[in-house]
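Me: I've got a model open and I'd like to learn how to read it feature by feature. Can you walk me through it?

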Amino acid sequence: THADSLAVSIGTSHGVYKNQKNPTLNFERLHELATAVPVPLVLHGGSGTGDDNLKKCVAGGITKVNVFTEFTTAALAGAQKAIAEGNLKSFMRVQELADTEVKKVLRHYIKLLTLKEI
């Protein structure tokens with residue numbers, strides 16, 4: 001197919017997990033795919049999957065992890081802080097707090113998945 005990458009289905013799903021538990025992932029299937037497929041593997045639905053699961057996924061061949069839900073949740077938390085401070089009239093403050101929370105999530109994932117300090 002000449003695909004640049006392949007998003008694999010090993011037990012994750014998009015959005016927030018309703019039961020708030022980390023999903024059970026099929027690492028055996030990941031190994032089979034990583035061995036058989038010559039393109040980089042992608043994990044969709046990484047938010048809420050759990051740090052240990054994500055580390056195992058990267059070790060098992062995942063080269064791209066999608067965690068967008070985690071970023072939007074963090075941005076919302078920052079906006080809610082601005083509201084709690086009474087800063088509804090200052091868009092810049094809302095944006096600043098949202099950015100701060102998103103950066104925390106980004107630093108966490110960079111450190112987790114690359115073993116580098118930010």
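Me: Let's start with one residue. Is Leu-54 buried or exposed?

Reply: Before we start, keep in mind that this is a predicted model. Leu-54 is buried, because its relative accessible area is 0%, and the cut-off for buried is under 20%. You'll find Leu-54 in helix H2.

Me: Which residues is Leu-54 in contact with, leaving aside its neighbours within four places in sequence?

Reply: With those neighbours set aside, Leu-54 touches Leu-43, Gly-46, Thr-49, Val-65, Tyr-109, Leu-112 and Leu-113.

Me: What about Asn-53: buried or exposed?

Reply: Asn-53 also has its place in helix H2. Its relative accessible area is 13%, so Asn-53 counts as buried. Beyond its neighbours within four places in sequence, Asn-53 is in contact with Asn-22, Pro-23, Leu-25 and Phe-27.

Me: Now the bigger picture. How should I think about a nonpolar core, and how many residues does the largest one have here?

Reply: The general idea is that nonpolar side chains in soluble globular proteins tend to be buried together. Here the largest nonpolar core has 15 residues, and Leu-43, Cys-57 and Ile-62 have the most contacts inside it. The largest share is that of H4, with three residues.

Me: Which residues does Leu-43 contact?

Reply: Once you skip its neighbours within four places in sequence, the list for Leu-43 is Ile-10, Thr-12, Leu-54, Cys-57, Ile-62, Lys-64, Val-65 and Asn-66. Cys-57 and Ile-62 were named above for their contacts inside the core, and Leu-54 is the buried residue we began with.

Me: On to the sheet. In what order do the strands come, and is the pairing parallel or antiparallel?

Reply: Three strands make an open sheet in the order S1-S2-S3, and the pairing is parallel. Strand S1 (6-8) and S3 are the edge strands, as each pairs on one side only. From one strand to the next, the twist averages 40 degrees.

Me: How many bridges join S1 to S2?

Reply: Three, with the two strands running parallel. If you want a spot to check on screen, Ala-7 stands opposite Val-42 in S2.

Me: Next, pockets. How much space lies in the largest pocket, and which residues line it?

Reply: With a pocket, look at the volume and then at the lining. The largest pocket holds about 210 Å³ of space. Its lining is made of Gly-15, Val-16, Tyr-17, Gln-20, Lys-21, Asn-22, Ser-47, Gly-48, Thr-69, Glu-70, Thr-73 and Val-105. Helix H3 (residues 68-84) gives the most to that lining, with three residues. Asn-22, one of the lining residues, is also among the contacts of Asn-53.

Me: Why does Val-16 count as exposed?

Reply: Val-16 counts as exposed because its relative accessibility is 57%, and the cut-off is over 50%. Val-16 is found in the loop between S1 and helix H1 (27-36).

Me: Let's finish with loops. Where does Pro-40 lie?

Reply: Pro-40 lies in the loop between H1 and S2. With a relative accessible area of 39%, Pro-40 is partly exposed. Apart from neighbours within four places in sequence, Pro-40 is in contact with Asp-4, Ser-5, Leu-6 and Thr-63. The C-alpha atoms of Pro-40 and Thr-63 are separated by 5.9 Å, although the two are 23 residues apart along the chain.

Me: And Gly-86, where is its place?

Reply: Gly-86 sits in the loop between H3 and H4. Gly-86 counts as exposed, at 56% relative accessibility. Between the C-alpha atoms of Gly-86 and Gly-46 there are 33 Å, and 40 residues along the chain.

Key:
Residues numbered from 1 in each chain as written. Predicted model: local features only at pLDDT ≥ 70, side-chain atom pairs only at ≥ 80, totals over all residues. Heavy atoms only, no water. Core = buried A, V, L, I, M, F, W, Y, C linked by side-chain atoms within 4.5 Å. Buried < 20%, exposed > 50% of the residue type's maximum accessible area, 1.4 Å probe, protein only. Helix = DSSP H or I, 4+ residues; strand = E, 2+ residues; numbered from the N terminus. Contact = heavy atoms within 4.5 Å. Pairing = 2+ DSSP bridges. Axes fitted to C-alpha atoms, helices over the stretch in contact; angles between N-to-C directions. 1 Å grid on protein atoms, 1.4 Å probe; cavity = no way out; pocket = protein on both sides within 12 Å on 5 of 7 lines; lining within 4 Å. Points joined across faces, edges and corners; volume = space filled by probe spheres on them.
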